[in-house]
Amino acid sequence: MRALDIKHSLQHLPLFADLEVAELEQLAQLCRNRAVTKGNVIFYEDDPGTSCYIIVSGKVKIVVNADDGREHILGVLQDGDFFGEMSLIDGQPRSASAIAVEDVQMVTIQRDQFMELLRANPDLTLKLLVTLSHRLRAADRNVESLAFLSAPGRVARLLLELGKDHGERTPEGLTFTHNMTRQELASLAGTSRETLTRVLMDYQDRGIIHLDKNRLTLKNEAKLKEMMV
Ligand code: CMP
């Protein structure tokens, strides 16, 4: 993509919505495009952080790995989201790995330019802080559910959150499609793949949800909320 196309991408990103045209043009000159195909690693946990990434299209999972290779997903980010800012802000290595869940198109910005951008644009810095607060709230909720909820409760919470973020109201209920594996869903719920599958089957048998490959319908949200005790 040429600089002109980068500007086009940037102006559709909520993070940059308040920038003037001239500022966007300037920013587009500083940014680079990066495309990563599905399944590939964008960076690893503990790598030195040199740039920040903004997703133009596709999904990226943020993961930490145990010594035995087990993976825990901290979050799944999509178009309009940014990541890789933490290392740039605090100078520490990457706090987690980033992996493309789908083919991903991103715009990247180097540390010096990123810091300059924040210094020059208080509104943009505030937007970044709002996003970081949302992430911290989500991380706190995760700790809370790992500490206090049973596996069925954690799965119910995950389903309700996915429904809230990606669901569409249909006569059958709140429906969404996802492109995550069972292992990835289990990791997001903080449980094993076997337990996740067992809980999903149980919910399906009880008419609480309907599963059709990657399409999930929440037929009884009230019941799912009840499970979160
Ligand atoms: P950084 O530490 O540079 O590299 C890993 C990135 O993952 C981090 O910056 C954040 O952008 C992102 N990240 C870390 N924790 C979370 C989380 N809980 N939810 C979403 N994104 C996160």
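Select strand β9 (residues 168-170) and strand β10: they pair in the antiparallel sense over three bridges. Two strands count as paired if DSSP finds at least two bridges between them. Strands (E, at least two residues) and helices (H or I, at least four) are DSSP runs, numbered from the N terminus. This is a predicted model, where local features need pLDDT of at least 70, side-chain atom pairs count only at pLDDT 80 or more, and totals for chains, interfaces and linings use all residues. Residues are numbered from 1 along each chain as its sequence is written, and side-chain values use heavy atoms, leaving out hydrogens and water.

Stay with this pair. β9 and β10 form a hairpin with two residues between them. Click R169: its bridge partner in β10 is L174. Four bridges join β12 to β10, and the two run antiparallel. Here L174 has L218 as its bridge partner in β12. Four of the five residues of β10 (173-177) are buried, so the strand is largely enclosed by the rest of the structure. Buried means under 20% relative accessible area, exposed over 50%, and partly exposed in between (1.4 Å probe, protein chains only).

Next, select the open sheet of four strands. Its order is β1-β8-β3-β6, with antiparallel pairing. β1 (32-36) and β6 (82-83) stand at the edges with a single partner strand each, so one side of each has no neighbour in the sheet. β3 and β8 pair in the antiparallel sense over six bridges. Find I55: its bridge partner in β8 is M106. Helix α4 packs on this sheet, touching β3 and β8, and its direction makes about 80° with that of β8. Contact means heavy atoms within 4.5 Å; axes are lines fitted to C-alpha atoms, for helices over the stretch in contact, with angles from 0 to 180 degrees between N-to-C directions.

Color α4 (residues 111-120) next. Which of its residues are buried? They are F114, M115, L117 and L118. The face turned away carries the exposed residues D112, R119 and A120.

Last stop: the ligand. Show residues within 4 Å of it, counting heavy atoms. Among them are F43, I62, L74, R94 and R135. Then look at the ligand's oxygen atoms. One is 2.7 Å from a side-chain N or O atom of E85. For S87 the distance is 2.8 Å, and for S95 it is 2.7 Å.

Notes
A polar contact is a pair of N or O atoms within 3.5 Å; within protein, one must be able to donate a hydrogen and the other to accept it, and residues adjacent in sequence count only if both atoms are side-chain atoms.
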